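Welcome! Let us take a walk through a protein structure, one stop at a time.

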Amino acid sequence: MKLHHITSIFSLLLGVVLGSPQSEAAEQTTRPNIVYFIIDELGYYELSHMGHPEMRTPNVDRLAAEGVRFTQCLAGGPVCAPTRCALLTGKHAGHMTVRANGGFDPLREGEETLGSMLKRAGYATGGFGKWGNGGRGTSGVPETHGFDEFFGYYDQVHAHTFFPRYLVRNSQEVPLPGNTGDTKEGKTFSQYVIVEAAKNFIRANKDQPFFAYLCWTPPHGQWGIPKDDPSWALYRDKPWKEDAKIYAAMINMVDRQVREVRDLLKELGVAEKTILFFSGDNGANRYFPDSQHPEGIFSPNINPRTGVKFRGFKGQLYEGGLRIPFIVHWPGKIASGRVSDHLCFFPDVMPTLAELAGVKPPKDTDGISIVPELFGEKAAGRKQPQHDYLYWEFRQDVAVRAASWKGIRVGGENKPWELYDLSKDVSETQDVASQRPDVVEEMKAFAKTAHAPVQPGVVYDRALVEKDRDYRGTAVQSKPNFILINIDDLGYADIEPFGSKLHRTPNLSRMAAEGMKLTSFYAAPVCSPSRASLMTGCYPKRVGIPAVLFPGNATGLNAREHTVAELLKARGYATACIGKWHLGDQPEFLPTRHGFDSYFGLPYSNDMGPAADGVKSNLGDPLPKPGKSPGQPPLPLLRNEAVLQRVLANDQTTLAARYTEEAVKFLRTNQDKPFFLYLPHTAVHFPLYPGKAFQGKSRNGLYGDWVEEVDWSVGQILQTVRELQLSDKTFVCFVSDNGGTPRAVNSPLRGNKASTWEGGMRVPAIAWWPGKIPAGASSDAVASMMDILPTLVKLAGGEMPADLKIDGHDLWPVLSGQSKTSTYEAFYYFNGNRLDAVRSGSWKLQLLTPGRPAQPANTALQPPKLYNLNNDLGETTDVAAQNPDVVKTLQEFVAKMDADLGQTQLGPGCRPPGRVTNARPLIDHQGNIREGFAAGN
């Protein structure tokens, strides 16, 4: 959009004709100072003038009462870094550089920002708080993008503590005395230091136009506040969780600091020539949910006066992830108490500030100046232009807004578009796409026009970036490597450390002797659910994968879920998956779409192919006669997203060795950087195809042969780690994905795979990290697949995103020997979507017969049976009658879970799986490889 001449605006607003010849000094004295407050994760309704019953924000309320409040201002993105990029560069998500929170995709060198644009106009420029558009050692640092001074956190992960060891000023570390990086305690509270630096900047530049970008971090993150802060006194006695009280106090603290800045402007005599902008940064998060408050205890996206809510939250492109508070205030220039329904978003800020400063914005801005809306069309000398459309993209999601229409596509290009008329349905509950295909086509056209491939900046010093992403301040070199070896259908007592007398497993015996056995480690009863737990840290039911997935299924792991690979990749890890995936075989669900740099293996179990290919019989057995049905499509061996070959019987005998070779190669290639290797073996799932070197060598037939080949593979991995001298910084975990089949040995446990007896879910697990995990140790503390994600992320110096609830816990206190206590108050045994049992301490209450989940959801439950696993590991003796109080306690845990995930139905805590339309196998029954998946594409 071309800017209109600014003469009429400033002649009316300021009484000075900037368009006429004047001295440069005279021009500068008429330009307003600009202060922009952007508050991290502040919700649309988390302000007292919006009717919130708990939040106290009198100073922001005063801004709204004396200025203009916008009801339809939308963020530039649903998370921190992208939304700041939109604000700073004036570009929407289809054009901007920073489109994710990864930390390694900075602004490009020379890319214009609000800072560089206003610096061209003669402004002093300062930023104070969280930057998020390029850390130290990249092309995106603020001092090279127009800021005279930037002080605070360059990287958004660094901002996850308010007691960091240091902050950064113009790429130089500023130590904060007495801090360790702890999230709750320290001697120097960063927000106090940042606010004081901002006030000093204003004081130093009071005699010239200045731009103060106050990008404050509270209330985001790992919450902390000094207990002598006056805001804490307002909430310390509330009957809430500690973090919830701190969160509310931080909002009140920010409100107080807004007043401090306004008081300073008045003290310096510049309040009347300073325009203030106040906004959130993206949609709110559903912090502190419970059964009474499923949208979070403060319900930031629910109108407290009407109960109408915005759908979604931070990280999503529904209104709840984008709608933000937005207020503009300028005493005597902007009419007081106005409420504007004008539709705008973050890219509009750049052309607006350009017009106020009397400078041209960059030609590639996607924004439109809102000056006419701020001051009135008469003062501006023109009508307020409107956007043809607004555009967002995040991960695989896309959204378009055109007038009252909102189109959104969730989960990838093959997903259907949803369409909502926000004038009638602000909660986005009525999808009208089928009624208005014409509007949907318009949305698709806008989206196609808006998207351009990303062109990131440059990372010059990866180690420096990683240092700032390690907010606890530990050295980059201390980041551990992670290797996770997951065996398919291995029984509890199939290896020597867990009592096997049939199988020789010397490498696993050594691993256990040098590490820790976990004797109460749980998986799900079958493959896909177990792997969903491992990847997401959740009960399978929570993430919509309660049962086994098959070739060509239209469902798989949802792109919205945070996987362990994604979170470690964001911490700078090299990531690889080698082996069986089994979380969806459609393109949207493959490992490379969920955080893995590379993938090699079968997308599902080795029996999921046609009988003629040898997948319905063991090595050497006759092939079954073909039936009337063509059966399942052929097994594809993938490298990344290309099909290398159709897997036949002889090929299956090579898989364990090929996986091991690929794994060793990955370790050698990535030995000089942090890595995460996920090695989910196809072995020892039926059909049994041990490698030729192991056939006939065990005392237990083909099954034992394959167990012993698995042991050999573990030995190769550990030996490589030792040769590379990585033992002291490599954490290795060995597990099975579920209980063993009847061909396995599960003794002394009762039951097998696919049941919720202990033999169906309790699996052998060994953790190894010389010098960190005590050698020869054993722990009976309840642990599970769900603990892997939070444990590895924590060891990598990261924090779990707060937007999605997980069920796992940090297991490191147990692994390190610091604690012998389970982190689970209660552990739940799900079989499909059905809750079969619950365990607390040594007590297990069995609610249903632990078979396959075939009975309908409305079948009446049997009288529960109680087992004391400490002295009855085989679950032989029901002691419910003797322990009614224990039964009652465990039933209370069941009721708690029923209110979350549901006992037999889907509860409010359940999230949908990923879905695609027109799902097709990667190789069809005729052996044709799906287009786009042939090797070499």
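The paragraphs below visit a helix, the strands beside it, some cysteines and a serine. Please keep in mind that this is a predicted model.

Let us begin with helix α6, which runs over residues 190–204. Its 15 residues reach 21 Å from the first C-alpha to the last, close to the 21 Å expected at 1.5 Å a residue. Which residues of α6 are buried? They are Ser190, Gln191, Ile194, Val195, Ala197, Ala198, Lys199, Phe201 and Ile202.

What covers the buried residues of α6? The cover includes the strands β4 (124–130), β5 (149–153), β6 (166–169) and β8 (210–216), together with helix α8 (242–267).

On one hand, β5 pairs with β4 in the parallel sense, over five bridges. Here you can find glycine 127 standing opposite phenylalanine 150 of β5. On the other hand, β5 pairs with β6 in the antiparallel sense, over two bridges. In this pairing, phenylalanine 151 stands opposite arginine 169 of β6.

Now for the cysteines. How many disulfides does the structure hold? The number is zero. Cysteine 80, for example, is in no disulfide, and the nearest cysteine sulfur, that of cysteine 215, is 11 Å away. A disulfide here needs two cysteine sulfur atoms within 2.5 Å. Cysteine 80 is also buried, with a relative accessible area of 3%. Cysteine 344 is likewise in no disulfide; its nearest cysteine sulfur belongs to cysteine 73 and is 3.9 Å away. Cysteine 344 is buried too, at a relative accessible area of 2%.

Our last stop is serine 530, which you will find in helix α16 (residues 527–536). Is serine 530 buried or exposed? Serine 530 is buried, with a relative accessible area of 1%, and the cut-off for buried is under 20%. Which residues is it in contact with, leaving aside its neighbours within four places in sequence? Serine 530 is then in contact with Ala523, Ala524, Asp737 and Met785.

Technical notes:
Residues are numbered from 1 along each chain as its sequence is written. This is a predicted model: local features need pLDDT of at least 70, side-chain atom pairs count only at pLDDT 80 or more; totals for chains, interfaces and linings use all residues. Side-chain values use heavy atoms; hydrogens and water are left out. Helices (H or I, at least four residues) and strands (E, at least two) are DSSP runs, numbered from the N terminus. The expected span of a helix is 1.5 Å times one less than its number of residues. Buried means under 20% relative accessible area, exposed over 50%, partly exposed in between (1.4 Å probe, protein chains only). Contact means heavy atoms within 4.5 Å. Two strands pair if DSSP finds at least two bridges between them.
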